[in-house]
Every structure is written in C-alpha cells, then in structure tokens.
Amino acid sequence: MKKHHLIFITVLAVIILFYKKYVALNLGILGIFLSILTFTQTKSEFRTKMFLTLFVTSIFSSFAFAWFGDAISFVAVLVSVFLLRFKGTYPKLKPFLYIEVLLVSLFSFLGRVFYTEQWFEKPKEGGGFGKKLITFILIPGILITIFLCIYSAGSSHFDQFFSEIKLDFSFFDIIILAIIGFYVGFIFWNFGVERFIFKQNRYLNDDFSGLIKIQKPTFSFLDIDSERTSGLISFSALNILLLIFIATYNYEQFFEVTKSADGLSAETHERVNSVIMSIVMAILVILFYFKRGFNFDEKAKSLKISAKIWIVLNAVLVISASLKNSEYIINFGLTYKRLGVYAFLTMALIGLIFTFIKIQNKKTNVFLFNKMFWTSYGLILVCSYVNWGGIITSNDIKRKDFADNYHLCSINYNEKILLDYAEKTGNSEMKNKLIERIESYQQETFLSKILYYETINLDRSKIK
C-alpha cells in the first residue's frame, strides 16, 4: 500500500473506533490493527528477531490496555507500536535516536504535510481508488458539510427541517476525529528522519572505533598522566566517603528509634531520593573519566579498580535502601509509591551493572544509554502487564490495620478482592459502591469497555 492509503485507513479506523466512545477497548484494537498493518508493510529482510519481539510486545501491550485502560498501559501501547514502526523502517537506527525522530515528526507536522509529493503519490492516468475517493466522496462531503452549516445558521426553517431528521450523527465529532486520525496516521506512516539524524547514528555505537583508542586528555591544561592521577585520587576519596555514608545510612535506618508512619514515610522517601541521586552522580562521574582513552590505558588499572569498587559500594547502598523499603512495607503495608521505590532502585541497580560492564568490556558511553533505553522500555511493559492494584490489596487485606476505604478509593482493579472482603465482613456500604462502580463499567458500549470489569460476575454479589 502507498503511504496515503495507510494514512487514510488510519483516519477511517480512528473514526470508526472512537466516534462517541470512551478511550478503552478501542485503543487496544487500534494498537493491534496498527501492529498487524506494520508487520504486513515491513520488508521481509527487516523482520529481524528484534522486530518480531517488538511485534509481540505491541500486541500484548494493546491487550493490556484493553484489559486495564490505565495510563501506564497507554504509554506501553504508544511506545511499543512506534518502536515497531521505527524498527521495521530503519532497523539500523540506534534506539536513542527514536526519541529524536518522534519529537521532530511531532513538531514538524504542519510543515511536512504540505510536501504532498513525500506522502501522497499522484495517481496514474485514469484515476485509481484514492482519486475516486477524493473526487466522489471527500471533496463533495466537505463542501456539503460547510454549506449545510452556513444555510442552517441563515434560515430557521432550513435548520428546523434538518433538525427534525433524527440522526444520531455529529459532523463536528467526525471532523475532530478525522483531524486526530490524520495527525496520528501521518506521523506514524510518514515520520521524518532528517539527514542530520542519520549523521548522528554512526557516533552511537556500543564499541569504540580504532581511532578513538588514541590517548587524548580531556582538558588542554591537563596532560594525560595528571588526569589519570586526579581520577585515581577522586575515586579513592569517594570510596572512603561512600563507606562512611553507608555506615551512617544503615545505622540511621536500622538502629535508631522507629518514628511514626508519616515521619517514617517522609524519611524513607528522602533517603531513597538521596540514594538515587548519589547513583546518578556516580554513573555520570564514571562516564566522564571512561569516555575515551582511559578505557584502553594500560596505566589506568588502579583507576578502573577504584571505579569498580565505587560501583559495588553504590550497589550495596541500593540493597540497603531496598531492605528499608521492605521493612517499611512489612510495618505499614503496600502502596503504589512503595512499589515505585522498588522500580526506581531496580533501575538504579541495573544502571550500575551496565556501568560495570562498560568499564570491564571497554564500551562507549552510548552503550549505557542504549541498554538503559531498552531497560526502561522493559520496565514500562512489566508495569503495564501486571495488576499492581490487585497485588497491593491482596497483600494489605491480610493486615489487621487494613484501610478498606483507602483501597476502595485509591487503588485500582481490586474490585474482585474487595467484593469478597465486603461479603465476608458484612460491609453492605462498600458492597453497594463496588457493585455500582462495576455495573457502570459493564454497561458501557462494546468499544468503550475495559475488559477487566467484564470478568467480574455480579450474580453472587448482588444484595437480596
């Protein structure tokens, strides 16, 4: 299919799926539709293992959004489908540049859309489907709509005549959806990879080229020996400082008197923020010293050992923070934020592991960014596939201090668990609220449904 065919098909799909519908199952269907269409339009030689993996994750992400319909699932669908399209079109483009390509496409739409020769292929003599569609439907339809609005505003009888025709049809909604669909379709099928982006691609390899191995100082006022010595002194001092910090950090966490829940919550988050900031700074310092020559410097063995020790000590700091978060959960229960702490600490630990591999295997700084890009994507996928609300409520419901109202109002997708809880405890008020909420979702039209609520059987739960 030609680009303009794909764009107009996307517009039609958006109108059909979203006309007078909430964003729910329909977005999942759109994600699956675009994934399959991308697969069929991708050249066979570009269907690599990575492409096929992204195709599978795009399908699963679309199902996840159809099931939950939450923000993280929306991000997972968006990222998965666009990554699939990028990988199927420019498989050698580095993942770090996908963000740049998307941003350029998003903000250059108004300029590029007028270059019709880039996306709208002129039909051959005699026409074609696209030409007939424009000639017989699109142009007449637009003109009729415009003049219908003008004449309705100028004549009350004319307006009354059409208003008496009971058609549940809104031209305005159709136009808005068509504009949104065209914008999405245009960016998706005709994203622009400018020449300057391709030039950047060759500098984003995981491994150094032969010329990079030549020793060069970072600053003109420092020779290579002085820079190496400064790095060794810096890392040695930082290791000592970090050892002292780890000792005091763990003493404050595990040996001081436990504070109130609110005080402990604020203190835990402050300490976790300090740990994450420390690790980010640690990685940046290591990236500064091991960006070029020191990766291959035979005299920099002590510097490498010091840097690796610093990485290990930072990993110990992450483990300490995780243990404190676990203790906090044991004492006060699970929440989204406390699970989020685990997610951030896991990302920090993975970043340290890749930084260690970078030094050990003499990789470029871009290696770390490439790996963390895919790690972040993996985290988004995991978060979108799992019912974290159900996990939180399942864990906390066993506690004596279970906050039922908090879980009813602030935790999502736990209705099945709360219905059983309300039944066992005789909490009719909670039961009625849950039934009302579930029925409101189940009464939505097909394309506006969230599939999670379709799996809840209310027959056994209704009040007699």
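This is a guided tour of a predicted model, moving from the whole chain to selected residues.

Because the model is predicted, local features are given only at pLDDT of at least 70 and side-chain atom pairs only at pLDDT 80 or more, while totals for chains, interfaces and linings use all residues. Residues are numbered from 1 along each chain as its sequence is written, and side-chain values use heavy atoms, with hydrogens and water left out.

**The whole chain**

Begin with the protein chain in a cartoon view, where there are 20 helices and zero strands; helices (H or I, at least four residues) and strands (E, at least two) are DSSP runs, numbered from the N terminus. Of the 464 residues, 41% are buried, where buried means under 20% relative accessible area, exposed over 50%, and partly exposed in between (1.4 Å probe, protein chains only). Contact is defined as heavy atoms within 4.5 Å, and among contacts between residues at least 6 apart in sequence, 73% join residues at least 24 apart. Switching to a surface view, the accessible surface comes to about 26,200 Å², of which 66% belongs to carbon and sulfur atoms; accessible areas come from the Shrake-Rupley method with a 1.4 Å probe, and for residues only the protein chains shown count as cover.

Next select valine 104, which is found in helix H5 (residues 95–107) and is partly exposed, with a relative accessible area of 21%. Leaving aside neighbours within four places in sequence, valine 104 is in contact with Gly192, Glu194, Phe196 and Ile197. Phenylalanine 191 is 87 residues from valine 104 in sequence, yet the two C-alpha atoms are 8.4 Å apart in space.

**Aromatic pairs**

Now show the rings of Phe, Tyr and Trp (its six-membered ring), which pair if their centres lie within 6.5 Å; planes under 30 degrees apart count as stacked, over 60 as edge-to-face and the rest as tilted. By this rule the count comes to 27 aromatic pairs. In one of them, phenylalanine 86 and tyrosine 98, the ring centres are 5.3 Å apart and the planes are at 25 degrees, so the pair is stacked. This pair links distant parts of the chain, with phenylalanine 86 in helix H4 (residues 71–89) and tyrosine 98 in helix H5, twelve residues apart. Both phenylalanine 86 and tyrosine 98 are buried.

Move on to tyrosine 441 and tyrosine 453, a stacked pair at 4.1 Å centre to centre with 5 degrees between the planes. Tyrosine 441 belongs to helix H19 (residues 428–442) and tyrosine 453 to helix H20 (residues 451–454). Tyrosine 441 is partly exposed at 30% relative accessible area, whereas tyrosine 453 is buried at 3%.

To see a cluster linked by ring pairs, select Phe82, Phe86, Tyr90, Tyr98, Phe188, Trp189, Phe191, Phe373, Trp374 and Tyr377.

**Charges over rings**

Lysine 308 has its charged end over the ring of phenylalanine 356, at 5.5 Å from the centre.

**Salt bridges**

The structure holds seven salt bridges, each being a side-chain nitrogen of Lys or Arg within 4 Å of a carboxyl oxygen of Asp or Glu. Select aspartate 207 and lysine 363, whose side chains meet at 2.7 Å, N to O. These partners are 156 residues apart, aspartate 207 in the loop between helix H10 (195–201) and helix H11 (224–254), and lysine 363 in the loop between helix H14 (336–360) and helix H15 (365–385). Aspartate 207 counts as partly exposed at 43% relative accessibility, while lysine 363 is buried at 18%.

Then select glutamate 423 and lysine 431, which form a salt bridge at 2.3 Å, N to O. Glutamate 423 is partly exposed at 44%, and lysine 431 is buried at 10%.

**Two loop residues**

Lysine 20, in the loop between helix H1 (3–18) and helix H2 (25–41), has a positive phi of about 55 degrees although it is not a glycine. Tyrosine 413, in the loop between helix H17 (404–410) and helix H18 (415–425), has a positive phi of about 60 degrees and is likewise not a glycine. Lysine 20 is partly exposed at 42% relative accessible area, whereas tyrosine 413 is buried at 11%.

Methods
A charge sits over a ring if NZ of Lys or CZ of Arg is within 6 Å of the ring centre and within 35 degrees of the ring normal.
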